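Q: I'd like to learn how to read a few side-chain features in a structure like this. Can we go through them one at a time?

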Amino acid sequence: MKIRYLFALILLSSCTAPQDLTCGDFKIGTFKGEATNYQMPTLIVERFEKTQKEFADGVLRSEAKIKWKSECNFELNYLNQEQKINVVILKIEGRKAICTATVEGEPGLILNFELEKQ
């Protein structure tokens, strides 16, 4: 009898919907990044607590330091380019964060992209 109860509990827990992601789920991990309003190769982003690495076609393209300004807003300071980008996570749809970014010193330039949690 206990085995049937345990089996039913395991079955029910495996069928429940996944929890909704929050901005906090995009602070650390591996993500696939795709631009939505400009042409750029698909990136694989490996994000750690204070840094991130961006890869395209398996090749390291850039590294940046991350400074979180709020739960859904962060700044990327690219190490080799001396460039800062301010990113805002606008909303989360499923496993994707819909983001917009502005580049310091480039008024009017707005970059839109999606990060999908892997």
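Q: Let's take the aromatic rings. How many aromatic pairs does a search of the whole structure find?
A: The general idea is that a pair of aromatic rings is described by the distance of the centres and the angle of the planes. Keep in mind that this is a predicted model. Here the search turns up two aromatic pairs. One of them is Phe26 with Phe31, a stacked pair with 5.5 Å centre to centre and 25° between the planes. Phe26 is buried at 0% relative accessibility, and Phe31 is buried with a relative accessible area of 0%. Trp68 and Phe74 also pair up, but tilted: 4.6 Å centre to centre, with 45° between the planes. Phe74 counts as buried too, at 1% relative accessibility.

Q: Which charged end sits over the ring of Trp68?
A: That's Lys27, whose charged end lies 4.9 Å from the centre of the Trp68 ring.

Q: On to the cysteines. Which of them form a disulfide?
A: In general, a disulfide is a covalent bond between the sulfur atoms of two cysteines. This structure holds one disulfide. Cys23 and Cys72 form it, with their sulfur atoms 1.9 Å apart. The torsion about their S-S bond is about 100°, so the disulfide is right-handed. Cys23 sits in the loop between α1 (2–15) and β1 (29–35), and Cys72 in the loop between β4 and β5, so the pair ties together parts 49 residues apart in sequence.

Q: Now the core. Which residues have the most contacts inside the largest nonpolar core?
A: As a rule, in soluble globular proteins, nonpolar side chains tend to be buried together. In this model the largest nonpolar core has 22 residues, and those with the most contacts inside it are Phe26, Leu76, Ile85, Val87, Ile89 and Leu115. Elements giving two or more residues to this core include β2 (43–47), β5 (73–78) and β8 (110–117). β7 gives the most, with four residues.

Q: What is Ile89 in contact with, leaving aside its neighbours within four places in sequence?
A: Ile89 touches Cys23, Phe26, Trp68, Cys72, Phe74, Ala97, Ile98 and Cys99.

Terms used: Residues are numbered from 1 along each chain as its sequence is written. This is a predicted model: local features need pLDDT of at least 70, side-chain atom pairs count only at pLDDT 80 or more; totals for chains, interfaces and linings use all residues. Side-chain values use heavy atoms; hydrogens and water are left out. A nonpolar core is a set of buried Ala, Val, Leu, Ile, Met, Phe, Trp, Tyr and Cys residues joined through side-chain atoms within 4.5 Å. Buried means under 20% relative accessible area, exposed over 50%, partly exposed in between (1.4 Å probe, protein chains only). Contact means heavy atoms within 4.5 Å. A disulfide is a pair of cysteine sulfur atoms within 2.5 Å. Rings of Phe, Tyr and Trp (its six-membered ring) pair if their centres lie within 6.5 Å; planes under 30 degrees apart count as stacked, over 60 as edge-to-face and the rest as tilted. A charge sits over a ring if NZ of Lys or CZ of Arg is within 6 Å of the ring centre and within 35 degrees of the ring normal.
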